[in-house]
Amino acid sequence: MATTSGPNTSLANAAITLTLFILPIIYLSRKQRRIARERQEERSFLLSLSNPSSPPLRPPLPSIVRRVLSRCRFAYLSTVDVDANSSHLSLMRFTYLPDEEIIVMSTNRKTKKYDILEKQSGVSLLVHDFSEGDSRELTGEYSITLNGNCSLIHDVELAERYRAAHLRNNPDYPQFIVGDDIAILRVDVHSARICNINDQVIRWNVNDSSKS
């Protein structure tokens, strides 16, 4: 039996077309407003750095720093080679887990940094908020030096949970995350230095008093 399209069908098709056209615009508009709001909060934070009367940062990490760590992927990992009496620098992909306030990384067990981390756990991480390709999430306003203890995760269940989170955050690099020879690293941060593009620096330490 032949069917014909009446006015109601035409109106329904027009409504669907209009919805498909408008929804992406609404999504982008809300995303831009969110990013603009975050940028304004960050600029207010930058201004506070220049105020000598500003109180020191207290644990946990301030929301601005948490956001920078959440949207960045690269870090420079510095370890100490005690045998050679020198430092060792590695470019790493990382994942920040805000609920636990830890940083997850991975490394092949047949590397110098793995050998170093078996002997000592003290590390430094340099994270910067400079543009990576065409990313619009990065502002180029911050660099953060983090000091902490890096643990080799031997608990299989915990390692696989961290590995899964790290892979979700870096889906294009499974060769550095998944494999029998790939160890999972966990960094617990105990201090940080946050510097902006005006060379204003503020320090944070987990051992600071919780009193404002």
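Modeller: Strand β7, residues 182–196, is mostly covered in this predicted model. Of its 15 residues, 11 are buried.

Now its partners. Strand β6 (residues 142–152) runs antiparallel to β7, with 11 bridges between the two. Within that pairing, Cys150 has Val187 as its bridge partner. Strand β4 (residues 102–108) is also antiparallel to β7, joined by seven bridges. β7 and β8 make a hairpin, with four residues between them. In that turn, Asp199 has a positive phi of about 65°.

Next, the charges. Asp188 forms a salt bridge with Arg186, with closest N and O atoms 3.0 Å apart. Asp188 is partly exposed because its relative accessibility is 28%. Arg186 is partly exposed as well, at 21%.

Asp181 forms a salt bridge with Lys110, at 3.7 Å between the closest N and O atoms. Asp181 sits in the loop between α4 and β7, and Lys110 in the loop between β4 and α3 (112–119), so the pair ties together parts 71 residues apart in sequence. Lys110 counts as exposed because its relative accessibility is 70%. Asp181, at 35%, is partly exposed.

The whole structure has eight salt bridges. Another of these joins Glu100 and Arg161, N to O at 2.9 Å. Glu100 is in the loop between β3 (95–97) and β4, while Arg161 is in helix α4 (residues 156–169), 61 residues apart.

Technical notes: Residues numbered from 1 in each chain as written. Predicted model: local features only at pLDDT ≥ 70, side-chain atom pairs only at ≥ 80, totals over all residues. Heavy atoms only, no water. Buried < 20%, exposed > 50% of the residue type's maximum accessible area, 1.4 Å probe, protein only. Pairing = 2+ DSSP bridges. Salt bridge = Lys/Arg side-chain N within 4 Å of Asp/Glu carboxyl O.
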